Amino acid sequence: MKIPFLDLKAAYVELQSSLDAAYQRVASSGRYLLGKELQAFEDEFAHFCEADYCIGVGNGLDSLHLILRAFGIGPGDEVIVPANTYIATWLAVSYVGATPVPVEPDVRTCNIDPGVIESAITPFTKAIVAVHLYGQPADMDEIRSIANRSRLKLIEDAAQAHGARYKGRRVGGLADAAGFSFYPGKNLGAFGDGGAVVTNDPDLAERIRVLRNYGSKIKYQNDVVGYNSRLDEMQAAILRVKLNVLDDWNARRQAIAAAYLEGLSEIPNIILPIVPVWAEPVWHLFVIQHINRQAVMDYLSQSEVDTLIHYPVPPHLSGAYSSAFRQHHGRLHVTEKLAETVLSLPIGPHLNSEGVKRIVTKLQEYEG
């Protein structure tokens with residue numbers, strides 16, 4: 001049987017009765033925006049993240065954009081971002097008119113390398129965005145020290161890391177603010193787009209609430225130029241159901257990752273992810289590296305195993321940024337090499353042990 005990269009239908013089947021009840025509850029309520037379901041989810045997710053506040057917004061990109069906007073970052077400012085990340089991290093900076101400044105990753109973890117951040121700081125730098133890429137926390141204490149020394153805001157892009165821990169602490173409460181995505185394929189995924197800002201700063205939380213709702217605290221009284229970016233009641237209700245099983249589903253991912261790490265450890269030419277002792281990743285993605293990536297993808301496809309590439313084009317080489325970042329072409333060596341070699345294996349919570357064994361066996365048999 002074919003092994004899909006991620007089986008979203010299986011997630012619905014497992015939780016069908018609870019998800020259907022949540023849908024019926026919202027549908028019959030007559031309240032579809034900024035109601036009780038959203039308030040309950042915001043309280044529950046803030047508690048889950050060991051933080052004080054959660055503000056539901058339209059999507060993960062909006063969560064980062066609104067954080068930057070609420071901090072007053074704009075034209076003429078610079079924001080340090082990972083060179084190796086999904087383009088949404090950069091787009092959020094561009095949305096406020098600021099300039100993303102790319103920093104190379106640590107080749108071992110693929111996350112931003114704290115050792116080269118300070119060299120990218122200028123008098124125009126206002127913030128650092130640390131991405132917990134693939135569900136593995138960035139080295140937040142090191143990055144926080146750098147941010148504090150230079151009086152910079154520190155923002156977590158936790159779009160792939162719901163439930164991950166850094167030195168025993170949940171991501172989401174490790175910086176001045178964190179942005180989350182609830183895109184359907186995330187560890188905590190909605191049935192459409194959704195996102196949230198998590199913070200311990202009450203003033204920032206209030207600014208985000210105003211910005212997400214047309215700049216308004218009271219209907220038809222618009223205090224600032226705001227946006228329409230609200231997590232709706234239906235998605236909030238669905239996320240509440242899934243939040244109850246998130247730790248269990250993350251544990252399933254961790255078990256699959258452990259099987260991959262053991263079973264693939266002796267295979268030539270495969271570079272496996274490295275997990276620092278202080279990290280407890282939730283394995284949104286399990287990303288290997290192989291110099292002959294396309295051949296491996298084709299081989300697994302012939303065996304009916306789906307794989308994906310996260311990500312084939314670094315932001316600085318994309319059409320959106322290529323012209324403006326021409327001086328970086330060929331200079332971000334680690335990022336560009338990763339883009340040519342990374343390959344994501346299936347690791348969803350509904351991938352069974354037989355499927356994992358089949359993938360491991362096929363890769364052990366691969367002779368490329």
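Author: Let us begin with F182, which lies in the loop between strand 8 (177-181) and strand 9 (195-199); strands here are DSSP runs of E with at least two residues and helices are runs of H or I with at least four, both numbered from the N terminus. This is a predicted model, in which local features need pLDDT of at least 70 and side-chain atom pairs count only at pLDDT 80 or more, while totals for chains, interfaces and linings use all residues. Residues are numbered from 1 along each chain as its sequence is written, and side-chain values use heavy atoms, with hydrogens and water left out.

Reader: Why does F182 count as buried?

Author: Buried means under 20% relative accessible area, with exposed over 50% and partly exposed in between (1.4 Å probe, protein chains only). F182 has a relative accessibility of 0%, and therefore counts as buried.

Reader: Which residues does F182 touch, not counting those up to four places away in sequence?

Author: With contact meaning heavy atoms within 4.5 Å, F182 touches F41, F45, H162, L188, G189, A190, G192, G194, G195, A196 and L239. As for V57, which is 125 residues from F182 along the chain, the C-alpha atoms of the two are separated by 9.8 Å.

Reader: Which residues of helix 5 are buried, and what covers them?

Author: In helix 5 (residues 88-95), the buried residues are A88, T89, W90, A92 and V93. Their cover includes helix 4 (60-70), strand 2 (78-82), strand 3 (99-103), strand 4 (125-131) and strand 5 (153-157). After helix 5 comes G97, whose phi is positive, near 85°.

Reader: What makes a space a cavity or a pocket?

Author: On a 1 Å grid over the protein atoms alone, a cavity is a set of points where a 1.4 Å probe fits but cannot get out, whereas a pocket is an open set with protein on both sides within 12 Å along at least five of seven lines; lining residues have an atom within 4 Å of a point. Grid points are joined across faces, edges and corners, and a volume is the space filled by probe spheres set on the points. The structure holds 3 cavities of 30 Å³ or more. The largest cavity has a volume of about 100 Å³, and its lining has 14 residues, of which L8, A11, K186, W249 and P349 lie nearest its centre. Helix 1 (8-14) and helix 9 (246-263) are the elements that give two or more residues to that lining.

Reader: How much space lies in the largest pocket, and which residues lie nearest its centre?

Author: About 620 Å³ of space lies in the largest pocket, which is lined by 28 residues, with Y86, S181, Y183, K186 and Y311 nearest its centre. Helix 4 and helix 5 are the elements that give two or more residues to the lining of this pocket.

Reader: How many helices and strands are in the chain, and why is the chain called as compact as a globular protein of its length?

Author: The chain has 12 helices and 15 strands. Its radius of gyration is 21 Å, close to the 21 Å that the globule rule gives for 368 residues, so the chain is as compact as a globular protein of that length; the radius is taken over C-alpha atoms, and the rule is 2.2 Å times the number of residues to the power 0.38. Buried residues make up 56% of the 368 residues.
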